[in-house]
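Have a look at the sequence and structure first.

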Amino acid sequence: MKEFKNKVALITGAGNGFGFEFTKEAVRRGMKLMLADIDAADLERTKQWVLEQGGTVETEVADLSLEEDADRLVRRTMETYGQIDLLMNNAGIAFGGLVTDLPSREWEWIFHINCMSHIYTMKRVIPIMEKQGTPCHILNVTSLAGLLTMGDMPSYYATKHFSTALAESVYYDLQRTGINNIKMSVFCPSYVHTDLHHYERHRPERYKIPADDPYYTSEAYKNELKKAEHVITTGSPVDTVGPLVFENIEKENFYIQMHPNTKPLIRHRMRDILKERNPDFRFTYDISGLVEGRVSLKSIWYVLTHL
Ligand SMILES: NC(=O)c1ccc[n+]([C@@H]2O[C@H](COP(=O)([O-])OP(=O)(O)OC[C@H]3O[C@@H](n4cnc5c(N)ncnc54)[C@H](O)[C@@H]3O)[C@@H](O)[C@H]2O)c1
């Protein structure tokens with residue numbers, strides 16, 4: 001999609017982080033907005049910001065991990081504006097935890113918000129966009145964690161791979177079935193300084209932690225929180241995200257990356273697959289050290305001999 005002025009953007013997770021940055025750029029480009037978030041107060045703050053800029057905005061408090069909320073959101077957008085030109089599936093959460101530690105309830109929560117929410121909205125919005133027949137776009141926020149894997153956060157890597165594969169497959173089907181007016185992208189950044197580490201703030205009531213759950217008093221859990229805070233608060237500044245993503249939507253690029261220095265890690269995983277090499281955490285962590293600027297003789301040796 002090349003024209004944004006007076007077009008309608010539906011943005012999930014607009015209360016904070018990337019969602020707020022997408023909102024800013026959409027306003028700058030003259031779009032009309034339907035914004036959704038589970039957090040009513042944060043959503044209201046974003047709405048007030050848009051109104052101060054003279055933008056056109058409606059909001060819907062919605063838990064996108066629930067199909068009925070996604071349904072209400074899409075209906076409300078159509079009742080309000082009569083069209084949807086840009087869908088930004090952004091709402092998501094992240095946490096660590098070994099598969100042997102993390103309670104199954106947490107897997108269900110992260111799966112429903114990081115994966116099912118994309119399905120709930122796409123299955124409703126694609127027919128609307130197809131009927132419109134005008135240039136439309138769907139942006140699914142996945143992650144670098146949707147292009148490569150490492151340890152520590154299996155629930156995050158798994159859900160982000162799901163959402164990347166889902167978007168790729170849906171995009172093939174749009175092309176195969178001749179729905180050429182809808183383009184798609186996945187946004188795959190590494191760490192960016194947002195509020196992502198405060199995921200507990202967005203825990204829906206039905207995933208409430210039972211008072212006697214040992215995981216939440218364990219050292220493993222406390223360490224995960226510390227690690228998350230460190231990587232997110234030392235991540236890239238968030239303010240370039242809006243322009244970067246919209247410029248790529250304009251160019252109809254499918255893969256939107258923000259950290260080119262991470263490409264050796266993606267290449268490493270692909271090479272492992274093609275060469276039928278076993279995943280080896282030592283090499284992956286050496287190379288990620290290189291990406292983060294921690295150069296060691298071992299990492300240089302690795303790059304020279306394995307890529
Ligand atoms: N920040 C990073 O380093 C990073 C990197 C790669 C991908 N991402 C992805 O970017 C997306 C946005 O995250 P962010 O970094 O801006 O974090 P953030 O926590 O600042 O923003 C996420 C927003 O989603 C909302 N949300 C959470 N659960 C929801 C639910 N059930 N229903 C509706 N809204 C809900 C939150 O209220 C919040 O406003 C996520 O999908 C995340 O996985 C983030």
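## Helix packing

At what angle do helix α3 and helix α4 pack, and how far apart are their axes? Helix α3 (residues 67-81) and helix α4 (residues 104-132) pack at about 25°, and their axes are 8 Å apart. That makes α3 roughly parallel to α4, a label for angles under 35 degrees. As for handedness, α3 passes α4 in a right-handed crossing, where right-handed says that the near helix is turned clockwise from the far one by less than a right angle.

Next up is α4 with α5: an angle of about 15°, with axes 8 Å apart. These two are therefore roughly parallel to each other, and their crossing is right-handed. Axes here are lines fitted to C-alpha atoms over the stretch in contact, with angles running from 0 to 180 degrees between N-to-C directions. The helices are DSSP runs (H or I, at least four residues), numbered from the N terminus.

## Ground rules

This is a predicted model, so local features need pLDDT of at least 70 and side-chain atom pairs need 80 or more, while totals for chains, interfaces and linings use all residues. Residues are numbered from 1 along each chain as its sequence is written, and side-chain values use heavy atoms, leaving out hydrogens and water.

## Around the ligand

The ligand is surrounded by 29 residues, counting those with a heavy atom within 4 Å. The closest are Phe18, Asp37, Tyr156, Val192 and Thr194.

Now for polar contacts (N or O pairs within 3.5 Å). A polar side-chain atom of Lys160 lies 3.0 Å from a ligand oxygen.

Terms used: Polar contact = N/O pair within 3.5 Å; in protein donor to acceptor, adjacent residues only side chain to side chain. Parallel < 35°, antiparallel > 145°, perpendicular 65-115°, else oblique.
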